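Work through the following exercises with the sequence and the structure at hand. Each task is followed by a solution in steps.

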Amino acid sequence: TSINAHHSVVLEMFGEKALELIRELKRSRDGTLPPYSEDGIRQVIEEMRALFEQNQLEVRATTDGEQGLFSGIQLRHACLERNQRCLLAYVYNRMMKIRDYRWEVGSVLPQEFKLSLCEQELQWFTRYNHSLASYMRSIGHSGLDLTQYMHPPKSLYIEVRCLLDYGELETEDGTVVQLKKNSQHYLPRSQCEHLIRQGILEHLQ
């Protein structure tokens, strides 16, 4: 039992940097993303490299006949696997947040959100954007915007209030509506969804 407890302490000590990446991601609010932690990733990889190199040395020593090293090798291997899982979870969950942002807000990332992404994440977003757009254009004769309705619509028109001075909005039938702060309108749901997600309009239930 004391050996298991010791192993748990060592695992926690070695895995703390990787676990902090997950905690940081979990603390972020919906619709936000903390900056990509290049320094945190680098520290975890350096820790993993040191654990791996120490294991290689001790495996060779064990092969040469030295005794009592096997439990240490197992412990470091467990630390390596835990760090790997944390890194994969960090990268995967950031990708899912970026993907969700595309569906909820649109194809153009706000500058403050874009600044939180690393270069590889920006490239992934661009490729995902192109793939999604290409697929939606291929549906039916004129394409279908799958991001338009995140929930099945109950009606084609909804009542909305404008939360800021936005300017002109031209509806599909050619009507031009002035969206001024606190003005209320009865508009096609299809043209309001993205504006609601961007915080420009508020749906009046």
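**Exercise 1.** Is Glu121 buried or exposed?

Solution. The model is a predicted one. Begin with the place of the residue: Glu121 is part of helix α5. Next take the relative accessible area, which is 7% for Glu121. Buried means under 20%, so Glu121 is buried. Then look for its partners. With neighbours within four places in sequence left aside, Glu121 is in contact with Tyr36, Arg94, Ile98 and Ser116. One of these, Tyr36, is 85 residues apart from Glu121 along the chain, and the C-alpha atoms of the two are separated by 9.1 Å.

**Exercise 2.** At what angle do helix α3 and helix α5 pack, and which residues make the contact?

Solution. Helix α3 covers residues 70-104 and helix α5 covers residues 119-137. Their angle is about 45°, and their axes are 11 Å apart. Because of this angle, α3 is oblique to α5. The crossing in which α3 passes α5 is right-handed. On the α3 side, the contact is made by Arg94, Met95, Ile98, Arg99, Arg102 and Trp103. On the α5 side, the residues are Glu121, Trp124, Phe125, Tyr128, Asn129, Leu132 and Met136. Sorted by type, the residues of this contact give 8 nonpolar, 1 polar and 4 charged.

**Exercise 3.** At what angle do α2 and α3 pack, and what is the handedness of their crossing?

Solution. The angle is about 155°, with the axes 9 Å apart. Angles over 145 degrees count as roughly antiparallel, so α2 is roughly antiparallel to α3. The crossing of α2 past α3 is left-handed. Residues of α2 in the contact include Ile41, Val44, Glu47, Met48 and Leu51, and those of α3 include Arg76, Leu80, Asn83, Leu87 and Tyr90. By type, the contact of α2 with α3 has 12 nonpolar, 7 polar and 3 charged residues.

Now follow one of these residues. Asn83 belongs to helix α3. Its relative accessibility is 0%, so Asn83 counts as buried. Apart from neighbours within four places in sequence, Asn83 is in contact with Phe14, Gly15, Ala18, Val44, Glu47 and Met48. Thr171 is 88 residues apart from Asn83 along the chain, and their C-alpha atoms are separated by 52 Å.

**Exercise 4.** How many aromatic pairs does the structure hold?

Solution. The number of aromatic pairs is 4. Two of them are worked out below. A pair of aromatic rings is described by the distance of the centres and the angle of the planes.

- Tyr36 and Tyr90 are 6.0 Å apart centre to centre, with 45° between the planes, and the pair is tilted. Tyr36 lies in the loop between α1 (2-27) and α2 (38-63), while Tyr90 lies in helix α3, so the pair ties together parts that are 54 residues apart in sequence. Tyr36 is partly exposed, with a relative accessible area of 24%. Tyr90 is buried, and its value is 0%.
- Trp124 and Tyr128 have ring centres 5.3 Å apart and planes at 10°, so this pair is stacked. Because Trp124 and Tyr128 are 4 residues apart in helix α5, about one helical turn separates them. An α-helix has 3.6 residues a turn, so residues three or four places apart point the same way.

**Exercise 5.** Which residues of helix α6 are buried, and against which strands do they pack?

Solution. Helix α6 spans residues 189-197, and its buried residues are Arg189, Ser190, Gln191, Cys192, Glu193 and Leu195. These residues pack against β1 (157-162), β2 (167-170), β3 (176-179), β4 (184-188) and β5 (201-203). Just after α6 comes Gly199, with a positive phi of about 80°.

His185 is in strand β4. With a relative accessible area of 15%, His185 is buried. Neighbours within four places in sequence aside, His185 is in contact with Ile158, Glu159, Val160, Val177, Gln178 and Leu179. His185 and Ile158 are 27 residues apart in sequence, and 8.2 Å apart from C-alpha to C-alpha.

**Exercise 6.** Where does Asn182 lie, and is it buried or exposed?

Solution. Asn182 lies in the loop between β3 and β4. Its relative accessibility is 54%, so Asn182 counts as exposed. Finally, check the backbone. Most residues other than glycine have a negative phi. The phi of Asn182 is near 75°, a positive value in a residue other than glycine.

Note on methods. Residues are numbered from 1 along each chain as its sequence is written. This is a predicted model: local features need pLDDT of at least 70, side-chain atom pairs count only at pLDDT 80 or more; totals for chains, interfaces and linings use all residues. Side-chain values use heavy atoms; hydrogens and water are left out. Axes are lines fitted to C-alpha atoms, for helices over the stretch in contact, and angles run from 0 to 180 degrees between N-to-C directions. Helices (H or I, at least four residues) and strands (E, at least two) are DSSP runs, numbered from the N terminus. Angles under 35 degrees count as roughly parallel, over 145 as roughly antiparallel, 65 to 115 as roughly perpendicular and the rest as oblique. A crossing is left-handed if the near helix is turned anticlockwise from the far one by less than a right angle, and right-handed if clockwise. Contact means heavy atoms within 4.5 Å. Ala, Val, Leu, Ile, Met, Phe, Trp, Tyr, Cys and Pro count as nonpolar, Asp, Glu, Lys and Arg as charged, and the others, Gly among them, as polar. Buried means under 20% relative accessible area, exposed over 50%, partly exposed in between (1.4 Å probe, protein chains only). Rings of Phe, Tyr and Trp (its six-membered ring) pair if their centres lie within 6.5 Å; planes under 30 degrees apart count as stacked, over 60 as edge-to-face and the rest as tilted.
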